[in-house]
Structures are given as C-alpha cells and as structure tokens.
Amino acid sequence: MIEYIKGELAELTPALATVEAGGVGYGLNISLNTYTAIQGKKEVKLYVYESLREDLHALYGFATKKERELFELLVSVSGVGTNTARMMLSSMSPAELCNSISTGNERLIKGVKGIGLKTAQRIIVDLRDKIVALGIADEIPVGGMIEAPVDSKVKDEAVGALTMLGFAPAPSQKVVVQILRQQPDAPVEEVVKLALKQIK
C-alpha cells in the first residue's frame, strides 16, 4: 500500500498531477481542491488512495490526509464510485461538502453531476455521524482562489479537465467560453467548478 508520494511536480492539470519520485513518474488523479493547494509548487507530497480493479489500477492524490479521509468515506457509500467522489470534491470544498452532509442539505449534494436524490440521501444517512465523529469539517480550510490571466491556456486546461471528468469536449468548451466572458479573471479551478454546475 502506498501511503504518500513525495517528489517533484513534473506536470499538473486540474484533474491530474504527475509526481516524479525516485526516477518514476506517478500519475495521480486529483480534485480541484488539491489542484488549488499544489498549484505553483515544485515539490509536493500527496497522500494516496489506490483504486484496484481487475481492469484498472488508478492512483488518487490528495494534498491533505483529511481530504483523503473524506474521499474514502464517500467511496464507502453504495453507489458512489471513485469518479463520483472526485467530482464531489471538485464541485465543493471539503468543508462545504462536510457541512452539506452534516446539515442534511441533499439539494446541494444532488447538484453534483451523477448524483440523484436517493444517492444524496444515502450519503447523508451513511456519513453524517462519521463526519461528526472524525471532526473532518473542523480541520479543513476553505481553499482561496488564485487569480489567473485570461488566455487560451485557462480555457484549454478547463476544457481538458472537464473532458477527463467524462464530459464531451464541445459542450464543455461552449460553457467554459461563456464563463470566461462573464468572469475574465477566473482561475482554471473556478471555471471548472462553475462549468460542473452548468453542464448536465
């Protein structure tokens, strides 16, 4: 079992971080929250969750142990897979997500792509007590937004992230361009967050 990977941040997109450690480049699936936390850093330490299936071996990386704990709790819920859990952690900050679960705000949770009313209710029922017991919400800071100049790089990275999350490129690009017209100074992670709420 890999606990964490520490090394040089070789490549970074809003959905994937490549960390070189000991001459090996590890591709780690990340959430927008982790992307915000490690953006601009040369050396990183990411806590790892390994997803092992017969047809796939995927690594998920998290900037904090608390975010990984929350991810592990989410995938323990019936009907919530790794991609859905990452989508949830990209649509909301860990603190917002914990708050939604602990207050039973199923409307907010249901707003995440791929989550219906029954799944939202199951997440709340299964995790409410666990989140309070672990005290996760108390220890997770709400990530600040990073200013970024508007250029095709922001658009391309946002569309690339949405494509990796399973959306078709054409509608993704349309929504991303609309967002950037309204908010020309929005950073990539903010653009992707807004797009996740608009693309259905």
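Which residues have the most contacts inside the largest nonpolar core? They are L74 and I123, in a core of 59 residues, where a nonpolar core is a set of buried Ala, Val, Leu, Ile, Met, Phe, Trp, Tyr and Cys residues joined through side-chain atoms within 4.5 Å. Helix α10 (residues 188-198) gives the largest share of this core, six residues.

This is a predicted model, in which local features need pLDDT of at least 70 and side-chain atom pairs count only at pLDDT 80 or more, while totals for chains, interfaces and linings use all residues. Residues are numbered from 1 along each chain as its sequence is written, and side-chain values use heavy atoms, with hydrogens and water left out.

The secondary structure comes to ten helices and five strands; helices (H or I, at least four residues) and strands (E, at least two) are DSSP runs, numbered from the N terminus. Of the 200 residues, 46% count as buried, and buried means under 20% relative accessible area (1.4 Å probe, protein chains only). In helix α4 (residues 94-102), the buried residues include P94, A95, L97 and C98, and just after α4, G104 takes a positive phi of about 70°.

Leaving aside residues up to four places away in sequence, L74 touches V80, A85, M88, L89, L97, I123 and L127, a contact being heavy atoms within 4.5 Å.

| Space | Volume | Lining by class |
|---|---|---|
| Second largest pocket | about 210 Å³ | four nonpolar, two polar, four charged |
| Largest cavity | about 30 Å³ | seven nonpolar, one polar, no charged |

On a 1 Å grid over the protein atoms alone, a cavity is a set of points where a 1.4 Å probe fits but cannot get out, a pocket is an open set with protein on both sides within 12 Å along at least five of seven lines, and lining residues have an atom within 4 Å of a point. Grid points are joined across faces, edges and corners, and a volume is the space filled by probe spheres set on the points. Ala, Val, Leu, Ile, Met, Phe, Trp, Tyr, Cys and Pro count as nonpolar, Asp, Glu, Lys and Arg as charged, and the others, Gly among them, as polar.

The elements that give two or more residues to the lining of the second largest pocket are α5 (106-110) and α10. Among the residues that line the largest cavity are P14, I30, S90 and V192.

Note on methods
Buried < 20%, exposed > 50% of the residue type's maximum accessible area, 1.4 Å probe, protein only.
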